[in-house]
Amino acid sequence: MSLLHRLFQYYFVLCTTCIFWNSAQITQGDTTINQGSSYFFYQRPEYPKDCKDVLNECSSSISSGVYLIKPDGYSEPFEVFCNHDLDSGGWMVVQRRIDGSVSFNRNWEEYRKGFGFLSTEFWLGNEKLSYIINQEVYELRIDMMLSNGSSFYIKYNNFCITDEWGSFSLTSVGEFSGNESSVITLCPPNTVAQNSTCEPVQETQIYTDCYHAYQTGRRDDGVYTIRPSGWTGEPFKVPCNMSIDGGGWTVTIILYQTQWGGRCP
C-alpha cells in the first residue's frame, strides 16, 4: 500500500492500545553546580517495553521526551521519543522529517540500525521497530503538513512487519481512518507509488538458488525467490546468507531464541 502526497513535514508515530532527558542541579553545601542536560533514572525492576508502558508506569503529569525502553526479546535497552501530548499519550515516534537536515538516502544497514537524532529528524530503525510491534497489536499514525501549511493525520489500526529474515516486509496495516482522506491517493493492488503515479509492480527476480542470486551481484542477507533446476512447481521463497564462507548459502535450519516469535507472520 502506498501514499501519494506532497509534504513539508511529517511524523510517523506508534501507540499501543523511566528515564527522561532533563536538566539538573546538584547542591553541595552552599554551592550549586549546574549539570546541564542529564538522565534521570526511573527506578523499576525492568525497563518499559514501549511508550504506553512508560505512560502507565510513570506519573499522570509525564511529559513528551526521550525515554529508555526494552522490547521483549531485545538484547539491550535503547532510547525512543515518546509523545504524551497527542490524544491520551503513549505514542512512540518512529520517524520524523521536518526540514531536510538529515539525509534519508541511506543503505539497507543504516535503515536496519536507524539514524538521525531523536531531537530533530530520525528513523528509529527496522530492527528495533520489528521487535516493538511484535509484542502486541499497535496502531500506526501518520501526521502530515503540506507545503501550503495545512495539516492532517491518518491511522491504521493493525500495523505489522516481519523480522530481518523476512526483510522487514510490511504484512498488515489494518483498517484506515483519518481526518482528511481527500488529499491521499491509495495505489490499487499490484501497483506501487513511483514518480507521483501508481506504477505496476515489477515481476520478482527468480533465481535457481541462493548461489545463483549471489552470482548476479546480490550481497544482502534476506529472503529471495527461487525455482531450482528441474522444479515443476511454483517459485518459492528461501532465506539466503550472503556473508558466510563466500556467500550464496541457502539457510535450511534456523534456531530462534524462545523469547522471540512475535505476532507478525
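These legends walk through several close-up views of one predicted model. Because it is a prediction, local features need pLDDT of at least 70 and side-chain atom pairs count only at pLDDT 80 or more, while totals for chains, interfaces and linings use all residues. Residues are numbered from 1 along each chain as its sequence is written, and side-chain values use heavy atoms, with hydrogens and water left out.

**View 1**
Start with strand β5, residues 65-69. Helices (H or I, at least four residues) and strands (E, at least two) are DSSP runs, numbered from the N terminus. Five of the five residues of β5 are buried, so this strand is largely enclosed by the rest of the structure. Buried here means under 20% relative accessible area, exposed means over 50%, and partly exposed is anything in between (1.4 Å probe, protein chains only). β5 runs antiparallel to β6, and five bridges join the two; strands count as paired if DSSP finds at least two bridges between them. To find your place, look for I69, which stands opposite F78 in β6.

**View 1. Strand β7 and the strands it pairs with.**
Strand β7 covers residues 91-97, and six of its seven residues are buried. What joins β6 to β7? Three bridges do, and the two strands run antiparallel. β6 itself spans residues 78-83, and its N83 has W91 in β7 as bridge partner.

**View 2. The disulfide between C51 and C82.**
A disulfide is counted when a pair of cysteine sulfur atoms lies within 2.5 Å, and by this rule there are two of them. In this view, C51 is joined to C82, with S to S at 2.0 Å. The pair links distant parts of the chain: C51 sits in helix α1 and C82 in strand β6, 31 residues apart. Are these cysteines buried or exposed? Both C51 and C82 are buried. The torsion about their S-S bond is about -80 degrees, so the disulfide is left-handed.

**View 3. The disulfide between C210 and C240.**
Here C210 is joined to C240, with S to S at 1.9 Å. C210 lies in helix α4 (residues 210-215) and C240 in strand β19 (residues 236-241), so the pair ties together parts that are 30 residues apart in sequence. The torsion about the S-S bond of C210 and C240 is about -75 degrees, so this disulfide is left-handed. C210 is buried, with a relative accessible area of 1%, and C240 counts as buried at 0%.

Helix α3 takes in residues 126-133, and seven of its eight residues are buried, so the helix is largely enclosed by the rest of the structure. Those buried residues include L129, Y131, I132 and I133. R112 belongs to helix α2 (residues 108-113), so to speak 15 residues away from E127 in α3. A salt bridge means a side-chain nitrogen of Lys or Arg within 4 Å of a carboxyl oxygen of Asp or Glu. E127 counts as partly exposed at 24% relative accessibility, whereas R112 counts as buried at 15%.

**View 4. The salt bridge between K49 and E136.**
The structure holds seven salt bridges, and one of them pairs K49 with E136, whose closest N and O atoms are 2.9 Å apart. K49 lies in the loop between β4 (31-41) and α1 (51-57), and E136 in the loop between α3 and β10 (138-145), so the pair ties together parts that are 87 residues apart in sequence. K49 is partly exposed, with a relative accessible area of 23%. E136 is partly exposed too, with 26%.

K155 forms a salt bridge with D87, the closest N and O atoms being 3.5 Å apart. The pair links distant parts of the chain: K155 is in strand β11 (residues 151-161) and D87 in the loop between β6 and β7, 68 residues apart. At 14% relative accessibility, K155 counts as buried. Which residues make up the network of salt bridges? D87, R141, D143 and K155 are linked in it.
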